[in-house]
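The following exercises concern the protein shown below.

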Amino acid sequence: MNRTKVLGTAACLVLLAAAGCRNVPEERAWMVMGTFASVSAASGDRARIDEAESTVSAEFTRLERLWSYFDRKSEISRLNSGTAEPVMVSPDTLRLIRESVSVARGSGGCFDPTVGPLVDLWGIGGRREFRVPEESEIYGAMKRCGWEKLAAGDDGTVRFMLEGMRFDAGGIAKGLAVDMGADLLAGAGMTDFMVNLGGNLKCYGRGRNGRDWKVGVQNPFERGKVVGILGIGNGMAVATSGNYERFIEKDGHRYAHIIDPASGRPVEGMAGVTVTAPSAMLADGLSTALFVAGLKRAGEVLAAYPDVDAILIPDSKPAVLYVTEGIIGRFRPEEGVTVRQIQLP
Ligand code: AMP
Ligand code: MG
C-alpha cells in the first residue's frame, strides 16, 4: 500500500494546497488514489484518530481497487473493456454508477461520467501526454460519449449501448469514497471529525472550540493562498474543481482538465468552483458540473439542487467570486477579494 505518514503541520500545508484547511488539532494523512487523504478530529484522542485512519484508509484502498481507471483488474476497467455486453458489478460500483448518472441528469449533462474517450483523446487524465486533437478525432470521440447510453439494471449489471464507450469516475468517485469513509466513522460512534480525499471534504459535528469546521478556499491564481475561509457545519461536505495545479500549459495556452461534453473540448473561462452540499459525492459531482456550466448556466444547475451552494471564480484576474446566497453568512473573504451574489432563476 502506498501510504505516507505526514506530520500534522506539514499535512495542513499540503491540504491548503489541495483544498485548504485550518484549525486542525489532530490529523493523520496518507496517499491514495493518486492524491492526499486525511482524517482530522477536533479532540486530541490519539488512539481514536489512529483507529479512524486505519478504517478510512482500508476503505479508500478497497474502493480504489474497484474504481481505478488505470488498474486493469478494477471493475471499472472490466466495464471499459470495449464491448457493449452487460457487466456484473458489485453493489458499491453500481451505486457509483447510479449516482453518476443521477448527477449527469440533474446537471443537464454538464457532468457526464462517459467523457472517458474525450479525456483519453486529449490526454488530460494523465493516461497519456496532452495534445490538441484534430477536429475529426474530437467528433469521433464525442460519438462514443453520452450518459444516456449507459444503463444500470436492477440485476446488478451495467451496460454501454455503444461499443468503445468508457466510464470515467474521476469527477465524482473521490466524493463518494469520502461519504463512505465518513459513514464508517460515524457508524462506529465517532463525532467531531473531518474526512478529506484530494480536496473533497466531509465534516461531522464541530471543529476546534466547538465552532464550525473551517476550510480555506484556494486562490486559483496564487499557489498556497486562499480567497477566503468557509465555515462548514455538521454533516456538510465541500469540494473544489479546477485547482490551479491541475491546468495544463501548452504553447502559452492554459487547458482545464475538465471537458465540456457539448463541445468535446476542455472548458474555457473558469478558474475554480467550490461547492457545499449534504454529501461529498454531490459536492464533487456538482463542482465538476458547475465548472462546465460556468456563470451563464450555473443558476440553471443550482436551481435543481436547493441544498447546494457554490462559489464560482472565473478565469480573469483579480479574482472575483460569484456566490450563492447560502454562502454569504458563512464565508470570510480575504481582504481585497470581490464577492458578488449569483441570482438563481
Ligand atoms: P474534478 O477534479 O472532480 O472536477 O474531476 C475532474 C475529472 O473528472 C477529470 O480528470 C476527468 O477524469 C473527469 N471529467 C472531465 N470532464 C468531466 C465532465 N464534464 N463530467 C464528468 N467528469 C469529467
Ligand atoms: Mg468533481
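**Exercise 1.** Determine how many of the five residues of strand β10 are buried, and identify the strands to which β10 is joined.

*Solution.* Step 1: strands (E, at least two residues) and helices (H or I, at least four) are DSSP runs, numbered from the N terminus. Strand β10 comprises residues 237-241. The model is predicted: local features need pLDDT of at least 70, side-chain atom pairs count only at pLDDT 80 or more, and totals for chains, interfaces and linings use all residues. Residues are numbered from 1 along each chain as its sequence is written, chains are lettered from A and ligands numbered from 1 in the order in which they are written, and side-chain values use heavy atoms, with hydrogens and water left out.

Step 1: a residue is buried under 20% relative accessible area, exposed over 50%, and partly exposed in between (1.4 Å probe, protein chains only). Four of the five residues of β10 are buried, and the strand is thus described as mostly covered.

Step 2: two strands pair if DSSP finds at least two bridges between them. Strand β7 (residues 200-204) runs antiparallel to β10 and is joined to it by two bridges; here Leu 201 faces Val 238 of β10.

**Exercise 2.** State the strand order of the open sheet of three strands, and identify its edge strands.

*Solution.* Step 1: the order is β3-β5-β4, and the pairing is antiparallel. Step 2: β3 (87-88) and β4 (150-152) are the edge strands, since each pairs on one side only. Step 3: two bridges connect β3 with β5 (residues 157-160), and Val 87 lies opposite Val 158 of β5.

**Exercise 3.** Is Arg 78 buried, partly exposed or exposed, and which residues does Arg 78 touch?

*Solution.* Step 1: Arg 78 belongs to helix α3 (residues 75-79). Step 2: its relative accessibility is 40%, so Arg 78 counts as partly exposed. Step 3: leaving aside residues up to four places away in sequence, Arg 78 touches Val 87 and Met 88, where contact means heavy atoms within 4.5 Å.

**Exercise 4.** Describe the protein as a whole by its secondary structure and its share of buried residues.

*Solution.* Step 1: the protein has nine helices and 19 strands. Step 2: of its 345 residues, 57% count as buried.
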